[in-house]
Amino acid sequence: MTTSTTAIPTEHASKYLQQLCKHFAHKRPVTFDEQAGEISFSVGDCRLKADGSALHIDLTAPSADDMEQLKDVVIRHLVRFAFREELAANWQDA
């Protein structure tokens, strides 16, 4: 298993967390509230936490290739929802 985390500075963390979870809930198993969420993808799992200054994302995937795919899908959708601000994800792989 591989893991990767990032904290993306934004004042709208809860809003983006909820948008991501609602979007994927149509196709994937999802649980969430205003402060935390989890999305299960075929290539791994995404855990989200929101606080007043950042959206924290923790990813777990079975392989490095799956991790890259998981990062791509999560960030691509997040950037689309956050089109009014520029978000930067600095992943810390473990």
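**View 1. A hairpin joins β3 to β4 through 2 residues.** Strands here are DSSP runs of E with at least two residues, numbered from the N terminus. In this predicted model, local features need pLDDT of at least 70, side-chain atom pairs count only at pLDDT 80 or more, and totals for chains, interfaces and linings use all residues. Look for β3 at residues 36-41 and β4 at residues 44-50. The two strands pair in the antiparallel sense over 6 bridges; to count as a pair, two strands need at least two bridges found by DSSP. As one example to find, Ser-40 has Asp-45 in β4 as its bridge partner.

**View 2. β2 and β3 also form a hairpin, with 3 residues between them.** Strand β2 covers residues 30-32 and runs antiparallel to β3, with 3 bridges joining them.

**View 3. Strand β3 has a covered face and an uncovered one.** On the covered face sit Gly-37, Ile-39 and Phe-41.

**View 4. Thr-3 lies in strand β1, residues 2-9.** Its relative accessible area is 32%, so Thr-3 is partly exposed (between buried, under 20%, and exposed, over 50%, with a 1.4 Å probe and protein chains only). Asp-58 is 55 residues away along the chain, and the C-alpha atoms of Thr-3 and Asp-58 are separated by 7.2 Å. Beyond its neighbours within four places in sequence, Thr-3 has contacts (heavy atoms within 4.5 Å) that include Leu-59, Met-67 and Ala-94. Residues are numbered from 1 along each chain as its sequence is written, and side-chain values use heavy atoms, leaving out hydrogens and water.

Key
Helices (H or I, at least four residues) and strands (E, at least two) are DSSP runs, numbered from the N terminus.
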